[in-house]
Amino acid sequence: MATRLFRSSPLRLTAAPVLAALGLTACVDFGKPGTSSVALPRDWQNAAGFKVAAPSQDLSRWWGRFGDPVLTKLVSSSLSSNLDVETSMSRVRQARASRESEASSLFPSLSGSAGSNASTTLRDNAADSRSISYSTGLNASWEVDLFGKRRTSLLASSASINAAVENLHTVQSSLASEVALAYLDLRSAQARLQIVRDSLKSREETYQLTVWRQKAGQIDQLDLRQAETSLEQAKASIPSLEQSISQAKNRLALLGGQTPGAFDGLLASKGRDIPTPPSGLAVGIPADTVRQRPDVRSAAYQWVAAVYKTRAAKLERLPSLNLSGSLGINAATVGKVFNPQTATAGLVAGLSGPIFDAGRIRANIEVQSEAEEQALLAYSSSVLQALSDVEDSLIACRRSGERIAVLERATVSAREASVLAGQRYKAGVVDLVTVLDAQRTELSLEESLISARTDRSSAYVQLYKALGGGW
């Protein structure tokens, strides 16, 4: 019953639900003209075969669900050492320092001074008299935030901090997926290399048998050259695969913030099996993904910051109150510096406001308003991108699984056909072309099966990332 009610009508998502999840609804006027909205579907169109329950907490460390300890170590090491992650962390610290600087403007500033002054009077080129005076002073100033302009700017800085934090999470999520994809490329190339080397054994046997038959006069030179061509063609793919393996290792080292070769020992500690994606993944509903994705959250915070900046720009039209005070002491001797009778004090209050600025404030308001609109559109775009990413990944997961099922059946048949062709060729029942065709078909299907398994695992990696996992 609950499911039927849940799917009974389309859901329309403005920025309010997402920002409510972020605790930001109090600051935004969702009913203002120009506020865009994104129509969220109730469920995914291509979620057949997946659970529609709420995503589990395993999304934060989804790579552990592949059951590959090497992959887990690579991702963990990269998240702690990657330079892009460290740069994003630095930007978070920078945003926090900027907010602290902004917060200091809400409080009075106090400065102090101390000094001495010596003077000498000359008469007939000779010193006639000499005097020394000492002074100390305190100066205070404060711009009272009458209408909340500075507090509004401080809220914008706070939202910018949150956006920087979510950008860090976005970098972490992207890094985890990039490491996993590079690792899959490595294991795929290694598996394909092993298949080619296994194929070389049967082709070498066929070539040797062809040599013997040619020497015995049973076949002509054409069959010998065809067998030799097939053998050398298989050998030619080995350097390319070895290059891919080396480059994938270097890619993993780069992502991990290490020099080339740093992970070679770790990568050699396990076999060359392609990690298999887990079963029973819960994809949740579109609204869950929108709230979970760090890039969408960052876009929401950036919009909130833009809203506050627009409000601060509008408050520039209002007057400001400035208070300043001073306390000074002038004494002829050091002993009298702290004598209250030598102290002077002053307090000044001033109210100032713009009268004519040639349209500067109005233009700045327009600039900030357009920046706010752009931030809102960027938020809407990030929501649409999130929906598209998940749907694309779901399609890839399902179709790659279907492709694997077909290729597995075809590969089994090709292996049997290759064995039978080799046996009949030895018995003299079939010609060499039949054997070579069977071997080429077997190798092609073996490589296609490896590629399909890699594509399926890659699709699941992309799905985890699209759902907002990895942070």
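Keep in mind that the model is predicted, so local features need pLDDT of at least 70 and side-chain atom pairs count only at pLDDT 80 or more, while totals for chains, interfaces and linings use all residues. Residues are numbered from 1 along each chain as its sequence is written, and side-chain values use heavy atoms, with hydrogens and water left out.

Let's start with the helices. Helices here are DSSP runs of H or I with at least four residues, strands are runs of E with at least two, and both are numbered from the N terminus. The axes of α6 (residues 221–255) and α11 (residues 432–466) come within 10 Å and cross at roughly 10°. Those axes are lines fitted to C-alpha atoms over the stretch in contact, with angles running from 0 to 180 degrees between N-to-C directions.

Who does the touching? On the α6 side the contact uses Asp 223, Gln 226, Ala 227 and Ser 230, and on the α11 side Leu 432, Val 433, Leu 436, Gln 439 and Arg 440. Contact means heavy atoms within 4.5 Å. By type, these residues divide into four nonpolar, three polar and two charged.

Arg 440 also has a salt bridge with Asp 437, at 2.5 Å from N to O. A salt bridge here is a side-chain nitrogen of Lys or Arg within 4 Å of a carboxyl oxygen of Asp or Glu. Both residues lie in α11, three residues apart, about one turn of the helix. Arg 440 is partly exposed at 36% relative accessible area (buried is under 20%, exposed over 50%, partly exposed in between, with a 1.4 Å probe and protein chains only).

Glu 316 and Lys 149 pair at 3.6 Å, N to O. They link distant parts of the chain, 167 residues apart: Glu 316 sits in the loop between α9 and β5, Lys 149 in helix α5.

Then there is Arg 293, whose salt bridge with Asp 389 has its closest N and O atoms 3.2 Å apart. Arg 293 lies in the loop between α8 and α9 and Asp 389 in helix α10, so the pair ties together parts 96 residues apart in sequence. Arg 293 is buried, at 6% relative accessible area, whereas Asp 389 is partly exposed at 23%.

Technical notes: Nonpolar A, V, L, I, M, F, W, Y, C, P; charged D, E, K, R; others polar.
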